[in-house]
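Here is a reader's walk through one model, taken as questions and careful answers. Each answer sets a value beside the rule that gives it its name.

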Amino acid sequence: MSSPDPEVRAARNGAAAPARRPVVAVTGAASGVGALLTRRLAASPEIKQVVAIDERRGDVPEAQWHLLDVRDPAIAEKLRGADVVVHLALDLDLETDPAARTAYNVRGAQTVLTAAAAAGVRRAVLCTSAMVYGALPDNDVPLAEDAELRATAEGTGVGDLLEIERLGRRAPRAHPGLNVTVVRPATLVGGTDTALTRYFESPRLLVVAGSRPTWQFCHVEDLVSALEYAALEKVEGELAVGCDGWLEQEEVEELTGIRRMELPSAVALGAASRLHRLGLTPSPVGDLAYTMHPWVVSGSRMHDAGWRPQWTNEEVLAELLEEVAGRHTVAGRRLGRKDATTLGAAGATVALVGTAALVRRARKARRRT
């Protein structure tokens, strides 16, 4: 005969019942941050059960797996019995068609929130990015969690994240029984591939003249521990997550040993815009702002709840350099070794040399078709 639940045993013994262990559902559970969180929650004695939802099965056998697209309304039935859902089924791949990416991300979040309310889930945790604050020259350093969201939809996936946040704000009004927590990580590092991690794949670091870059990172392990905090309802509301403090551009250059290439603003922005318009780079011009202006976050709400990052900015930057070693990028476009040698003088920048070479190549390709 199986032992009764700890809460039942406590009640029988006249002791105070421990806090109820929640059932937590995770979408996007088979890969990336979702897989790491699923594994962590499955090993936690504070969690009763993990419900893992993805289009394929992951490698956490302790979880209860359901295979389906998060845009499928049938997800409501899979969420029944869950106390919390952590929504991590997002596509922010640089190579994904932007329209398809937006359709997946926005519809997925909308469906999960509606399904969670229908299934009686009491809390939804959304993961977006500190990029939603926007990178602007007059930003406070650091930004408070309740700072105005001033990003535009011009960066990779930022428009999707802003819309997901809008859906998250609306959900408790439309579904009074559902609370929503939003976690916004700084520049994410650890098995990730973004416009910001590709910035460090270049032989030169682009610095736009007159800009004031500041760098703050978030290791995926710290993000996962913050998401666990949110899933256990130890913290709620709008939360920013990242390493303590930040690095100035000069510190980054000293730590990486990568020299800068400084360009006038008009040249850098114009070249980035042309390259993206021609389909030669995956990054829209809006991504460049996040390497120009500060968007550092304080993370005070997580700190007040007792959470602390285990990684420093210096440590995360060192790991990022190990991850990108051997990769070659120009203006966000990853190159083969031969191309990188040819365009080495313009590495990782939107310098005119790189722009001209890529534009010439595009024109030749068009003439051949």
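## Reading the terms in this predicted model

Q: Which residues of helix H2 are buried?
A: In this predicted model, helix H2 spans residues 32–42, and its buried residues are Val 33, Gly 34, Ala 35, Leu 37, Thr 38 and Leu 41. Among the elements that cover them are strand E1 (23–27), strand E2 (49–54), strand E4 (84–87), strand E7 (187–189) and helix H7 (220–231).

Q: Why is Arg 198 called buried?
A: The relative accessible area of Arg 198 is 4%, and the term buried applies under 20%, so Arg 198 is counted as buried. Arg 198 belongs to helix H6, which covers residues 195–198.

Q: Why is the pair of Asp 69 and Arg 71 called a salt bridge?
A: Side chains of opposite charge can pair when their charged atoms come close. For Asp 69 and Arg 71 the distance from N to O is 2.7 Å, while the rule asks for a side-chain nitrogen of Lys or Arg within 4 Å of a carboxyl oxygen of Asp or Glu; the pair is therefore a salt bridge. By this rule the model has 19 salt bridges.

Q: How do you know whether Asp 138 is buried or exposed?
A: Asp 138 has a relative accessibility of 52%, and exposed begins over 50%, so Asp 138 counts as exposed. Its salt-bridge partner is Arg 150, with 2.8 Å from N to O, and both residues lie in the loop between strand E5 (123–127) and helix H5 (158–174), 12 residues apart. Arg 150 stands at 31% and is therefore partly exposed, since that term covers the range between the limits for buried and exposed.

Q: What does the salt bridge of Arg 184 and Glu 165 tie together?
A: The side chains of Arg 184 and Glu 165 meet at 2.6 Å, N to O. Arg 184 is in strand E6 (residues 179–185) and Glu 165 is in helix H5, so the bridge joins parts that are 19 residues apart in sequence. Both Arg 184 and Glu 165 are buried.

Q: Why is H4 described as roughly parallel to H5?
A: Helix H4 (residues 98–119) and H5 pack at an angle of about 15°, with 10 Å between their axes. Angles under 35 degrees count as roughly parallel, so H4 is given that description relative to H5. The residues in contact include Arg 101, Thr 102 and Asn 105 of H4 as well as Asp 160, Glu 163 and Ile 164 of H5, and the crossing is right-handed.

Q: Why is Trp 311 called buried?
A: Trp 311 has a relative accessible area of 18%, and the limit is under 20%, so Trp 311 is buried. Trp 311 lies in the loop between helix H10 (300–304) and helix H11 (313–324). Beyond its neighbours within four places in sequence, Trp 311 is in contact with residues including His 219, Asp 222 and Cys 243, and a polar contact of 3.0 Å joins the side chains of Trp 311 and Glu 221.

Technical notes
Residues are numbered from 1 along each chain as its sequence is written. This is a predicted model: local features need pLDDT of at least 70, side-chain atom pairs count only at pLDDT 80 or more; totals for chains, interfaces and linings use all residues. Side-chain values use heavy atoms; hydrogens and water are left out. Helices (H or I, at least four residues) and strands (E, at least two) are DSSP runs, numbered from the N terminus. Buried means under 20% relative accessible area, exposed over 50%, partly exposed in between (1.4 Å probe, protein chains only). Axes are lines fitted to C-alpha atoms, for helices over the stretch in contact, and angles run from 0 to 180 degrees between N-to-C directions. Angles under 35 degrees count as roughly parallel, over 145 as roughly antiparallel, 65 to 115 as roughly perpendicular and the rest as oblique. A crossing is left-handed if the near helix is turned anticlockwise from the far one by less than a right angle, and right-handed if clockwise. Contact means heavy atoms within 4.5 Å. A polar contact is a pair of N or O atoms within 3.5 Å; within protein, one must be able to donate a hydrogen and the other to accept it, and residues adjacent in sequence count only if both atoms are side-chain atoms.
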